[in-house]
Amino acid sequence: MDALDDLLSESGRDAAAIDRIELRLSAMLMGMCGARESGAMAAAQMSLPYALAARCVFGTAGLAAYAAGRRADPRVRAVMDGMLLEVDDTMQPLDEPVVTLLFKDGTRVSKTVPRATGSAERPMQPAAIHAKFDALAAMSIEPEQADRLWRMLAEIENLNDCRALEALLAGDGDRRPVFC
């Protein structure tokens, strides 16, 4: 995902300009996440082709991209079907894939990102952390409650009584749809 985002950013293009995505990956990664799955939630979550296609079609491979309606979107299937996945036997099992984008104008760019976003080498930016928190919190609590929780967590070192935190963690996620 990071390689795709980096390549688009570095080339100044958007996903609509991509003609085909090619992936070169280890045999282990091919077996673990190389399937072109979009039906069942768990299978889609383990599908690198699905994640890349969702990013291209919806602009994100975040949680919302895995809603049933989005998994059934024919544009996602079309992008996945057009991908070329190739096992590279010279790669170590946990080597990150090489992502190549072939643009409609014939330009070809490739990249490997050795450490994913969220690692020590490539930390998430504060705004991205906050956005992810808001998206996940929205599954169980109201936005105002999430905002108060976010602010309290930012000052957790100064919290004298954790019962205040407990009250903000109470939600109704069991009565909400999984995805909006």
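**Helix 1 and what covers its buried residues.** In helix 1, the buried residues are Asp2, Ala3, Leu4, Asp6, Leu7 and Leu8. The model shown is predicted: local features need pLDDT of at least 70 and side-chain atom pairs count only at pLDDT 80 or more, while totals for chains, interfaces and linings use all residues. Residues are numbered from 1 along each chain as its sequence is written, and side-chain values use heavy atoms, with hydrogens and water left out. Buried stands for under 20% relative accessible area, exposed for over 50% and partly exposed for what lies in between (1.4 Å probe, protein chains only). Helices (H or I, at least four residues) and strands (E, at least two) are DSSP runs numbered from the N terminus. Strand 1, helix 4, strand 3 and strand 4 are among the elements that cover the buried residues of helix 1. Look just past the end of helix 1 and you will find Gly12, with a positive phi of about 70°.

**Arg55, a charged residue of helix 4.** Is Arg55 buried or exposed? Arg55 is buried, because its relative accessible area is 17%. Once neighbours within four places in sequence are set aside, the contacts of Arg55 (heavy atoms within 4.5 Å) are Met1, Leu4, Asp5, Leu8, Ala15, Thr60 and Ala61. Two of these partners, Leu4 and Leu8, are also on the list of buried residues in helix 1.

**Strand 3 and its two partners, strand 1 and strand 4.** Strand 3 spans residues 98–103, and six of its six residues are buried. Val98, Thr100 and Leu102 point one way, Val99, Leu101 and Phe103 point the other way, and both sets are buried. Strands count as paired if DSSP finds at least two bridges between them.

**The largest pocket, about 1,500 Å³ in volume.** On a 1 Å grid over the protein atoms alone, a pocket is an open set of points where a 1.4 Å probe fits, with protein on both sides within 12 Å along at least five of seven lines; lining residues have an atom within 4 Å of a point. Volume is the space filled by probe spheres set on the points, which are joined across faces, edges and corners. The lining has 42 residues, and Met1, Ala51, Ala61, Gly62 and Lys132 lie nearest the centre. Helix 1 (2–11), helix 2 (27–33), helix 4 (48–58) and helix 7 (126–137) each supply at least two lining residues, and helix 7 gives the most, with five. By class, 27 are nonpolar, six polar and nine charged. Here nonpolar covers Ala, Val, Leu, Ile, Met, Phe, Trp, Tyr, Cys and Pro, charged covers Asp, Glu, Lys and Arg, and polar takes in the others, Gly among them.

**The second largest pocket, about 160 Å³ in volume.** Its lining includes Ile18, Asp19, Arg20, Ile21, Cys56 and Val57. Strand 1 (18–25), helix 4 and helix 6 (74–81) each supply at least two residues; strand 1 gives the most, with four. Eight lining residues are nonpolar, one is polar and three are charged.

**Glu144 in helix 8.** Helix 8 covers residues 143–154. Glu144 is exposed, because its relative accessible area is 51%. From C-alpha to C-alpha, Glu144 and Ile156 are 18 Å apart in space, and 12 residues apart in sequence.
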